[in-house]
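Reader: I'm new to this one. Can you walk me through it?

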Amino acid sequence: MSVKIEDKLFLDRFKVDEESHLKIINPDVCKNKCKTQACLYICPAYVYRLEGDRISINHEGCLECGSCRIGCPHLNIDWRFPKGGYGISHKFG
Amino acid sequence: MNESFDVAIVGAGPAGTSAACILAEAGIKTIVFERGEYPGAKNMSGGVLYGYNLAQILPDYIERGCPIERNIIESRIWYLSKDAGYSIGYRDNIFTKERKNNVFTVGRAKFDRWFAEQAKKKGALVVPGTVVIDLLKDSTGKVTGVVTNRKEGEIQAKVVLLADGVNSPLAAKTGFRADLNPEHVALAVKEVIELAPEVIEQRFGVSSTDGVTTEVLGEMTGGMDGVAIIYTNKGSISISVGANLAELAKSKMKPYDLLEAYKQHPMVAPLVAGGKPIEYTAHWLAEGGYKTIPQLAGDGYLIAGDSAMLFNALHREGSNLAMASGKMAAETIKAALRRNDFSKQSLSSYVTNMNNSFVLKDMKKYQNFPGFLYDTHQLFNELPQVAQFMAREMLTVNGINKKQKQKSIMDEIRKKLGLMNLARIAWRGWRSVK
């Protein structure tokens, strides 16, 4: 019954906004200054992925927990709630 | 939307909706903003609620069709090593009769939605799909309303109740609560696993209306300060594991990997076998405790629930603290409206009442408990390992005399933990909860 993260996210209901509610403020900080790149590990929705030497954001599956907002060691993520009604809608909760 | 209200509430969770019910019932013009598509759309908890606190808001919650999953008649505590574990539980028939619904499970998407409906029936205006992005303040700094993401979305209010939950960019922006450090929260991930009600009843030994909660500590958080649960719902089981966010960042373990490993544990796997995962969610637990509670009231505003970091980690209480604080905030607002004074001074009775209630008394009593867990890593690796060794030794019948076994257990404790160290952990643990 093991479930991969991609499959877990398929269980959820999202109303996706084209515009990302998550932005990296300064990509150079991620590339050159950030040693730990904690976002790659702490995010429960695998939103942050390493592509080459840059970090990509897949905001569509964001569970809106906020962990990257305060967990980024350089506070380099501009984190907003998705627009009203957008983002995840829990079915059970 | 350029209207004026007596009270604007940010967040339609247990705290905000409790306040809205009481205020609306008193005929007070109340508006509640909810960023989700519907109240509950963004909310997640293990899933227990407390009948006593709900009845304080809605005495007739049963008649009103409260969506209860299962009435909890047994509470279990597990202490797990990687592939073994201890279990104690307490079941009491009083919870099927006189004290029925003392604790019950809910799905927050259903419950919060239903709860907000009750506030609407009492006359509150609930506006979903709307994010509060800032607070209005006058030249003296007094809060005078909210700014939403809607067009012309400024709403004037005599007083604002902040009940927008533990993850609050609004708090960070407006400074009504210092933004949280990663060590102040635990990140929990949860899977809801669908199973036939009869299967759940068989596996947990309960009737069709009753259920069991299991709180779990041990190695399943990979040596990190954390906790896990197994709660029974009507036709599903909630499985969740959470760990301190600062520790997660350090360990590089991924939350969903912890959850998968936990599901494979020999004590967990048989309970969820054959089930179908139907939802995966993530949320913070406001673990910082008493020391992270912000100033609860200021000029023109009050803070309640998770926004105020009201969470009792030891007793897994949170939704009741939210409801109780929402109620106390509403009572204070009622009195302030009579005086037409919304200064910090006028709203300070909320702080006094909170201090005198179980909410802050309990939070204060356990103020050192989160720090004890955070500082005592042995609780999440060496100690469960030693506990496993001990039980295995004593339960294995192999012709070795018990005195010899006792000696090898003591040797193992000395090797892994040290006797003085073990005594120190026990002493500090006791001091943190006494």
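Author: Happy to. This is a predicted model, where local features need pLDDT of at least 70, side-chain atom pairs count only at pLDDT 80 or more, and totals for chains, interfaces and linings use all residues. Residues are numbered from 1 along each chain as its sequence is written, while chains are lettered from A and ligands numbered from 1 in the order in which they are written.

Reader: Where is B:G235?

Author: B:G235 sits in the loop between β13 (226-232) and β14 (236-244) of chain B. Helices (H or I, at least four residues) and strands (E, at least two) are DSSP runs, numbered from the N terminus.

Reader: What is B:G235 in contact with?

Author: Leaving aside neighbours within four places in sequence, B:G235 is in contact with B:E194, B:L195, B:A196 and B:P197. Contact means that C-beta atoms, placed from the backbone, lie within 7 Å.

Reader: How many residues of chain A are in contact with chain B?

Author: 34 residues of chain A are in contact with 44 residues of chain B. On the chain A side, α1, α3 (39-42), α4 (67-71) and β6 each give two or more residues. That side has 17 nonpolar, 10 polar and seven charged residues. Ala, Val, Leu, Ile, Met, Phe, Trp, Tyr, Cys and Pro count as nonpolar, Asp, Glu, Lys and Arg as charged, and the others, Gly among them, as polar.

Reader: What is chain A built from?

Author: Chain A has four helices and six strands. From the N terminus, its elements run α-β-β-α-α-β-β-α-β-β. Of its 93 residues, 41% count as buried.

Reader: What is the mean pLDDT of chain A?

Author: The mean is 95, and 98% of the residues of chain A reach 70 or more. pLDDT is the predictor's confidence in each residue, from 0 to 100.

Reader: New topic. Which domains does chain B have?

Author: Chain B has domain 1 (4-69 + 106-178 + 291-365), domain 2 (186-285) and domain 3 (381-433). These bounds come from an automatic or database domain assignment. The C-alpha centres of domain 1 and domain 2 of chain B lie 28 Å apart. Their contact takes 10 residues from domain 1 and 13 residues from domain 2.

Reader: How many residues does the largest nonpolar core have?

Author: The largest nonpolar core has 155 residues, and B:A19, B:V160 and B:L187 have the most contacts inside it. Such a core is a set of buried Ala, Val, Leu, Ile, Met, Phe, Trp, Tyr and Cys residues joined through C-beta atoms within 7 Å. Helix α9 (residues 319-339) of chain B gives the largest share, nine residues. Domain 1 and domain 2 of chain B both give residues to this core, so it lies between them.

Terms used. Two residues are in contact if their C-beta atoms, placed from the backbone, lie within 7 Å. A residue is buried if 20 or more other C-beta atoms lie within 10 Å of its own, exposed if 12 or fewer, and partly exposed in between; C-beta atoms are placed from the backbone.
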